[in-house]
Amino acid sequence: MTRKNSFLLFLSACIPGCGQMYQGYMKRGVSLMSLFALVVGLATWLYFGQLALALPVIWLYSFFDTYNLRRALENDEAEPDAYPLGLSGMDQEQLSGLLAKRHALLGWVLVLLGLSQVWSLAVSYFTDLLSYLFNTNLHWLP
């Protein structure tokens, strides 16, 4: 194993998942980065700021896992790259088979999610328009 630059390792460790990817552990890094982005997205979309309390935990885990991985790689004790939480058992064929069977369901979920966002935008625009036209506050409407 070639030794990585310590400064670049520190910089990449500051972004969840990047430290693992810098050391060649793409599955682990992408998983951590996706988890961090998912928590940020859900906390924002659901207006549930308490969910963001998980972000420092994920960040700290990722940061220290970067240096534990470095130590393990230097001592030739590192395990092969794998998805965390036992997701490695689901290989490419199983995942593509699952998506092939459920592609219509996934498509309808995404369509409904998009329609809900369009509806929310339309209601917001319409209440703003009525509020402007009648010079009243209609923001109590859904």
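Q: Is Leu 106 buried, partly exposed or exposed?
A: Leu 106 counts as partly exposed, at 44% relative accessibility. Buried means under 20% relative accessible area, exposed over 50%, and partly exposed in between, with a 1.4 Å probe and protein chains only.

Q: Where does Leu 106 lie?
A: In helix 5. Helices are DSSP runs of H or I with at least four residues, strands are runs of E with at least two, and both are numbered from the N terminus.

Q: What kind of model is this, and what pLDDT is needed?
A: The model is predicted: local features need pLDDT of at least 70, side-chain atom pairs count only at pLDDT 80 or more, and totals for chains, interfaces and linings use all residues. Residues are numbered from 1 along each chain as its sequence is written, and side-chain values use heavy atoms, with hydrogens and water left out.

Q: OK, the fold. How many helices and strands?
A: Five helices and zero strands. From the N terminus on, the order is α-α-α-α-α.

Q: What share of the residues is buried?
A: 21% of the 142 residues in the protein chain.

Q: And the accessible surface of the chain?
A: About 10700 Å², with 70% belonging to carbon and sulfur atoms. Areas come from the Shrake-Rupley method with a 1.4 Å probe; for residues, only the protein chains shown count as cover.

Q: What share of the contacts links residues 24 or more positions apart?
A: 53% of the contacts with a separation of 6 or more. Contact means heavy atoms within 4.5 Å.

Q: Back to Leu 106. Which nonpolar patch residues go with it?
A: Leu 35, Leu 38, Leu 42, Trp 45, Leu 46, Phe 48, Leu 110 and Leu 113. With Leu 106, the patch has about 830 Å² of accessible area together. Helix 3 and helix 5 (92-134) each give two or more residues. The largest share, four residues, comes from helix 3.

Q: What are the patch cut-offs?
A: Patch residues have over 30% relative accessible area and no salt bridge. Like charges are joined within 9 Å, and nonpolar side chains (Val, Leu, Ile, Met, Phe, Trp, Tyr) within 5 Å.

Q: Switching to charges. How many salt bridges?
A: Three in the whole structure. The criterion is a side-chain nitrogen of Lys or Arg within 4 Å of a carboxyl oxygen of Asp or Glu.

Q: Which residue does Asp 65 meet?
A: Arg 28, at 3.2 Å, N to O. The pair links distant parts of the chain: Asp 65 is in helix 4 (residues 54-74), Arg 28 is in helix 3 (residues 26-45), and they are 37 residues apart. Asp 65 is buried, at 9% relative accessibility.

Q: What does Glu 74 pair with?
A: Arg 70, at 3.4 Å, N to O. Both lie in helix 4, four residues apart, about one turn of the helix. Arg 70 is buried at 10%, whereas Glu 74 is partly exposed at 38%.

Q: And Glu 77?
A: Glu 77 meets Arg 71 at 3.5 Å, N to O. Arg 71 is partly exposed, at 41% relative accessibility.

Q: Now the rings. How many aromatic pairs?
A: Four in the whole structure. One of them is Phe 63 with Phe 64, edge-to-face: 5.4 Å centre to centre, 90° between the planes. Phe 63 and Tyr 67 form a tilted pair, at 5.5 Å and 55°.

Q: How are those terms set?
A: Rings of Phe, Tyr and Trp (its six-membered ring) pair if their centres lie within 6.5 Å. Planes under 30 degrees apart are stacked, over 60 edge-to-face, the rest tilted.

Q: Which residues form the aromatic cluster?
A: Phe 10, Trp 59, Phe 63, Phe 64 and Tyr 67.
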